[in-house]
Amino acid sequence: VRDPAVSADGTFVAFELRDDELDPTEPGDSEIAAVPTSGGALRLLTRNALKDHDPQITPNGSHVVFKTRVEIPKTDWVISSPRVVALGGG
């Protein structure tokens with residue numbers, strides 16, 4: 001777990017999750033997850049091979065904004081692009 005971000009009202013924490021068991025074909029890949037601070041099940045917000053990282057929760061607590069790192073094959077370039085997912089219950 002890396003880069004935790006707590007919602008303004010303190011009800012959720014979002015974070016970068018690295019776990020080779022999520023996708024054994026992409027070791028070192030990271031996803032964005034969230035969990036209620038009062039306890040409860042972990043909610044995986046992303047599931048892809050794009051190396052999602054650096055989550056931040058919007059001030060109203062409705063969305064998680066994060067960066068996606070995409071490596072460009074055959075170069076040393078990396079593109080980081082902002083993305084957003086809904087955080088609300090469900």
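The model you are viewing is a predicted one.

Stay on Asp 54 and look at its backbone. Its phi is positive, about 55°, although Asp 54 is not a glycine. Most residues other than glycine have a negative phi. Buried would require a value under 20%, and exposed a value over 50%.

Next, select residues 2–6, which form strand β1, and pick out Asp 3 within this strand. What is the phi of Asp 3? The angle is about 50°, a positive value in a residue that is not a glycine. Asp 3 is partly exposed, and its relative accessible area is 38%.

Now widen the view from β1 to its sheet. Four strands make up this open sheet, in the order β1-β2-β3-β4, and their pairing is antiparallel. Which strands are at the edges? They are β1 and β4 (43–44), each of which pairs on one side only.

Move on to the pair β2 and β3. Select residues 12–18 for strand β2 and residues 30–36 for strand β3. How many bridges join these two strands? They pair over seven bridges, in the antiparallel sense. To see one bridge, select Val 13 together with Val 35, its bridge partner in β3.

Terms used: Residues numbered from 1 in each chain as written. Predicted model: local features only at pLDDT ≥ 70, side-chain atom pairs only at ≥ 80, totals over all residues. Heavy atoms only, no water. Buried < 20%, exposed > 50% of the residue type's maximum accessible area, 1.4 Å probe, protein only. Pairing = 2+ DSSP bridges.
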